[in-house]
Amino acid sequence: MQVASSRRRNKAQESSALPVMPAGARFFSISEGIIDTARKDYIDALPVAAAILCQDENGRSYVDLANSVFEDTAGWKAASDKPWVDSIGFFSETGISRALEDFLDRGERAYQFEGHDGRSINGRYYTVRLSKLRPTPYAPQRCLIALIDKTVQIETENSLRAEMLRDSLTGLPNRLAFNERVEAILGDRNFKPGSHAVLAVDMTRFSRVNHCVGALAGDELLITFARRLFSALRPGDVLARTGGDEFAILLRLDKGVGDAVAFADRITGVLGTPFRLSDMEIRVDCAIGCAVAQDKKDSAEELLRNAQFALKRAKLFGQVQVYEPGQAQVVRRRFSIETELRRAIEAGQLSLAFQPLVELATGKITGFEALTRWDHEEEGVIAPYEFIEVAEESGLIVPLGRWALGAALDAMRGWDEKYGEPLPVYMGVNLSAVQIQRDDVAALVSDALAERKIESHRLMLEVTESAIIHDPQRATEVLEAMQRLGVRIALDDFGTGYTSLAYLQRLPIDLLKIDSSFVTDMLDDADSTAIVRAVLSVAGALGMVTTAEGVECGKLATALADMGCTNGQGFFFSEPLDADAAFDYWLSRKT
Ligand code: C2E
Ligand code: CA
Ligand code: CA
C-alpha cells in the first residue's frame, strides 16, 4: 500500500524530490490500487505488445507493467518471473536491452528501431518503439515500449522479393538478381580489376527449334540447357537466366580471360550429347560473349550489355568473343554520326570535291568524279568511308545521294557558264546500292538533268558491283532506264565484288573502274598486274572503256597506258578539288 499511496502522491508532485522508495519493495504491490488497475487496463487494451520499463536509482532496468500480449511475445510472466530486463532473454536476443540503455541515456523523447527475435525457428520481426514517460521519484527513468509485429509483412516481402529475383521456368536467378550479385562483387572493398567476368550465353537456333517443337518442349529444352550450363560451372560462379534463351554467368577469373575460354570448352563438352525431347534428339550449340570487370565504377548493367555486345560478334565469328573496350564507343560514334549527318544534310553543310579523270594516252581531262565532303563544325573533316557507311545503313544515303547529284550538276552548269559553253567533260556521280533499292532513281536523274538543261551523256553514274548482286532485277531496271535516258554507267571498285561475266555482258555498262587495291601497288605485285591485265582484256572484249583508280605515280600512269587502260584517276594527277580549283585545273590542261 505504501507504494501505491506514494505513487498517488507522485501523480500530483511528480517532479518534487520525495524520499526514494527502496526499489525491491514495490514489486509485491504492483497490481494493487485503483490507479494500477487503471494503468493495467489501459495497457491491456492496446492492440500491440506493450510494457512500461523503469530504471531504478542504481541504473538497473525492470518491467514495471506489461500487457498480456507483451508477456506472450517476450515469453515472460509478471506473476512468476523476475522483472529485471537483463534477466529476460527476449530483451537481449532482440537487441532491446542495449537500445534501451542507450535510449535512456540520451535526451530524445522517442526512438524506434527494427528488432528480430531469432529464438524460434522462423524468428519474428518487430518494430520496437520506445517513448519516454515522466520520471517518478523511485524511477528516475521510465519509458513505454511497444512491439509491432512485422513478421507476416516481412515474410511476405521476402518471399515476394525471392519471387521477383527468380526465373520461374528454370528456378535460376533472373536478370535483377544477377545484377545484384555483380554489383556486390563490384562494390566489394577487395574488388580486383580482372578478377571476374560476365558472360552472356545464347542458345543458337533456339527460336527455330522452339517453333518446330512447340512451346512446352521448348521450355523443357531451356531447362535442360540451363542444367548443362550449370554443370560446367565451378563452385561460386553464378548462372542466371536473363531473357528468353539468354543466360548470364558471373565467372571468377583465376587465370584471366583464359578461364572464360576454358569455360567455353567445358560448355562445348556438355553440349556435345544431343538433347532428348520426347521422341526427338536435338543438337544445341551456343555462342558466348565475355566482358571482364575492369573497374569498380562499371555497372552490372553495363557489363552485361558489353557481354551481349561481344555475344553478337560471337554469333558471327565463333563461339566465344571477349568484349574490347572501345567497341561500344564505335557503336556510339555511329549513332552520333547518324544524328549529325541528318542535321548536316538538312542544313546544307556538305560539299563536293571533284577529282579529275585523265585520259592516259593524251593527258586530257575527260571528266571529274564528284566526291562528298563533310567538314563538321566541331569534329573537323569526317572521312567519307566513315559517314557513307552510316548513311547507307541508316537510309540517309537517299537524301545525301539526291543532294550530291543536284550539287554535282550545279557545279557543272557553273563551269559551263564561266566558260561560256558546255565544258567537254562528264561528271561522275556515285550512286549507292541503297539508293537503287529505295529511291526512284530514273525520275530523280531525268528531273535533275532537265531542270538544269544538261545533256544526259555528260552524266556518268558510278555503281558498285554490290548494287547489282544485291538485287539484279531492280538494278537491271534502273540501269536500262538510264540507258534510255542516255546517262552512262560506270561499274565502280571493279574487282572487289563478284559480278558475273553474264551481268557484265547483259547490263548497259559503259566503263569499268578498276579498284585502287589492284592498281596502286601494281608495279611491285605480279598478281595485281595479272588482275589488271585480265580486267582490261574483259573490258576490251565487252567494248567498255576503263579507268584505273589510285594512280599515285607517273610510272604507274605510263605502265597502265601501255597496257591499254583508257583513263587514270589518282593523286598523281590531282587530289579531289573544290569546284573553282577543278575548273582552273581543267583550263590549265585544256590543250
Ligand atoms: P570511290 O567512289 O572509290 O572514290 C574514290 C576514292 O579514292 C575517293 O575517296 C578518293 O579521294 C580516293 N582517291 C583518289 N585518288 C586516290 C589515290 O591516288 N590513292 C588513294 N589511295 N585514294 C585515292 P573518298 O573521297 O574518301 O571517298 C571514299 C568513298 O566514299 C568513295 O569511293 C565512294 O564510294 C564513297 N562516296 C564519296 N562520295 C559519295 C557520294 O556522294 N555518294 C556515294 N554513294 N558514295 C560516295
Ligand atoms: Ca566512285
Ligand atoms: Ca571507286
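**Entry 1: the H16/H18 crossing.** I began with handedness and found that helices H16 and H18 cross in a right-handed way. A reminder to myself: this is a predicted model.

**Entry 2: geometry of the pair.** Next I looked up the axes. Those of H16 (residues 441-452) and H18 (residues 472-485) come within 9 Å and cross at roughly 25 degrees. Angles under 35 degrees count as roughly parallel, so H16 is roughly parallel to H18.

**Entry 3: who touches whom.** I then listed the contact residues. H16 brings Val441, Ala442, Val445 and Ser446, and these meet Val478, Ala481, Met482 and Leu485 of H18.

**Entry 4: calcium ion (ligand 2).** Which protein atoms are the donors here? I found Glu369 through OE, Asn430 through OD1, Glu462 through OE and Asp492 through OD, at 2.1 to 2.3 Å from the ion. Along the chain, I read their spacing as E-x60-N-x31-E-x29-D.

Entry 5: I placed Glu462 in strand S17 (residues 459-464) and Asp492 in strand S18 (residues 488-494). The two are 30 residues apart, so I noted the pair as linking distant parts of the chain. Buried or exposed, I wondered, for Glu462 and Asp492? Both turned out to be buried.

Entry 6: Asp492 bridges the calcium ion (ligand 2) and the calcium ion (ligand 3). I noted 3.8 Å between these two ions.

Conventions. Residues numbered from 1 in each chain as written. Chains lettered and ligands numbered in written order. Predicted model: local features only at pLDDT ≥ 70, side-chain atom pairs only at ≥ 80, totals over all residues. Heavy atoms only, no water. Donors = N, O, S within 2.8 Å, 3.2 Å for Na, K, Ca; no water. Helix = DSSP H or I, 4+ residues; strand = E, 2+ residues; numbered from the N terminus. Buried < 20%, exposed > 50% of the residue type's maximum accessible area, 1.4 Å probe, protein only. Axes fitted to C-alpha atoms, helices over the stretch in contact; angles between N-to-C directions. Parallel < 35°, antiparallel > 145°, perpendicular 65-115°, else oblique. Left-handed = near helix turned anticlockwise from the far one by under 90°. Contact = heavy atoms within 4.5 Å.
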